[in-house]
Amino acid sequence: MTVQAHLYHWLWGTLDALFPPRCAGCGREGTRWCEDCQRKVQVLKPPLCPHCGEPGFESLCPSCRQHPPAFTQLRAWSLYADPIRTALHQLKYRRNLGLGEALALSLVDFVRSLNWPVEAIVPIPLSQKRYQERGYNQVATFAYPLALHLGLPYLGHALHRTRDTRSQVGLSAHERRENVHNAFQAREKLVRGKQILLVDDVATTGSTLSSAANALLIAGAQAVYAVTLARANSLSLGGTYDA
Ligand SMILES: [Zn+2]
Ligand SMILES: [Zn+2]
């Protein structure tokens, strides 16, 4: 753990001691993310599509065969189901920064286990409009401490959205790709020649991550790997998560 990671961790521990929080998964008092909820997380297990990480495929899934994503690999830590679903909702609408730190700790081990040669962390950004409405990017709440724990540079401004895309909820795989096509731009100065770890909260088809990876590659990134906290089931497209 880096010094900054220790400090960040200590800061949230101290705040929690002063203002006892509730668990973001079950509401229990005294902790941000209780041990019961941690145990209930459904960590994704193989078989997974080797490219996009879609569960249930021993080899390339039909979607990757037809439309190979721009990222080298995408992996999600867990299935998008409770208690993670409730916790991610809290991250998004309640500005639960301490929860972001707790979830980042789970991602640290997961990312290490992937053995990717990544050199910098880039979060998926919100559009300017969304950012102004919400006041923060929920992805940053865990991507920033993740970078601290891994000892990697955090490039919070490497990507921006070129337009305000409509919600992906309720769209088909094809509509999702169209919706986010060319929706991102990357800063060449920050990403050229680098192997990037792109971070988002939830992936469904991976179309947003692929579009963002494409922008990073156009700006000269050497390779882009992508990780998310959760993976929504693309068989139930039109799920409830508004990314
Ligand atoms: Zn709990
Ligand atoms: Zn795939």
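In sequence, the donor residues of the zinc ion (ligand 1) follow the spacing C-x2-C-x7-C-x2-C. Donors here are N, O and S atoms within 2.8 Å of the metal (3.2 Å for Na, K and Ca); water is not among the atoms, so sites may look incomplete. This is a predicted model, in which local features need pLDDT of at least 70 and side-chain atom pairs count only at pLDDT 80 or more, while totals for chains, interfaces and linings use all residues. Residues are numbered from 1 along each chain as its sequence is written, chains are lettered from A and ligands numbered from 1 in the order in which they are written, and side-chain values use heavy atoms, with hydrogens and water left out.

**Zinc ion (ligand 1)**

- Cys23 (SG), Cys26 (SG), Cys34 (SG) and Cys37 (SG) are the protein donors, and they lie 2.3 Å from the zinc ion (ligand 1).
- The site is tetrahedral, with angles of 106 to 114° among its four donor atoms. Four donors count as tetrahedral if all angles lie between 85 and 135 degrees.
- The ideal angle for four tetrahedral donors is 109.5 degrees.
- Cys23 sits in the loop between α1 (3-18) and α2, and Cys37 in helix α2. The pair links distant parts of the chain, 14 residues apart. Helices (H or I, at least four residues) and strands (E, at least two) are DSSP runs, numbered from the N terminus.
- Cys23 and Cys37 are both buried. Buried means under 20% relative accessible area, exposed over 50%, and partly exposed in between (1.4 Å probe, protein chains only).
- Cys26 counts as partly exposed because its relative accessibility is 41%.

**Zinc ion (ligand 2)**

- Cys49 (SG), Cys52 (SG), Cys61 (SG) and Cys64 (SG) coordinate the zinc ion (ligand 2) at 2.3 Å.
- The donor spacing along the chain is C-x2-C-x8-C-x2-C.
- Cys49 and Cys61 each lie in the loop between α2 (35-40) and α3 (62-66), so the pair ties together parts that are 12 residues apart in sequence.
- Why is the arrangement around the zinc ion (ligand 2) tetrahedral? The four donor atoms subtend angles of 104 to 114°.
- Cys49 is buried, at 0% relative accessibility.
- Cys61 is buried too, with a relative accessible area of 4%.

**Nonpolar cores**

- The largest nonpolar core has 38 residues. Such a core is a set of buried Ala, Val, Leu, Ile, Met, Phe, Trp, Tyr and Cys residues joined through side-chain atoms within 4.5 Å.
- Trp33, Leu88, Ile121, Leu146, Leu197 and Val199 have the most contacts inside this core.
- At least two core residues come from each of α4 (84-93), α5 (97-114), α7 (140-150), β5 (195-203) and β6 (223-231).
- The largest share, seven residues, is supplied by α5.
- Another core, of 29 residues, lies apart from it and includes Ile124, Leu155, Ala203 and Ala221.
- In soluble globular proteins, nonpolar side chains tend to be buried together.

**Leu197 and Ile196**

- Leu197 touches Val111, Trp116, Val118, Ala120, Ile121, Val122, Tyr225, Ala226 and Val227, with residues up to four places away in sequence not counted. Contact means heavy atoms within 4.5 Å.
- Ile196 belongs to strand β5. Ile196 is buried, at a relative accessible area of 0%.
- Beyond its neighbours within four places in sequence, Ile196 contacts Val118, Ala120, Val122, Leu155, Val191, Leu216, Ala221, Ala223, Val224 and Tyr225.
- How many residues separate Ile196 and Glu119 in sequence? They are 77 residues apart, yet 6.0 Å apart in space, C-alpha to C-alpha.

**Backbone features**

- The peptide bond from Pro46 to Pro47 is cis, with omega near 5°. Pro47 is in the loop between α2 and α3.
- Asp82 and Pro83 are also joined by a cis peptide bond, with omega about 10°. Pro83 is in the loop between β1 (73-79) and α4.
- Arg95, a residue other than glycine, has a positive phi near 50°. Arg95 is placed in the loop between α4 and α5 and is partly exposed, at 47% relative accessibility.
- Asn115 has a positive phi near 60° and is likewise not glycine. Asn115 lies in the loop between α5 and β2 (120-123) and is exposed, with a relative accessible area of 68%.

How values were computed: Four donors count as tetrahedral if all angles lie between 85 and 135 degrees; four count as square planar and six as octahedral if opposite donors are over 155 degrees apart and all others between 65 and 115; anything else is irregular.
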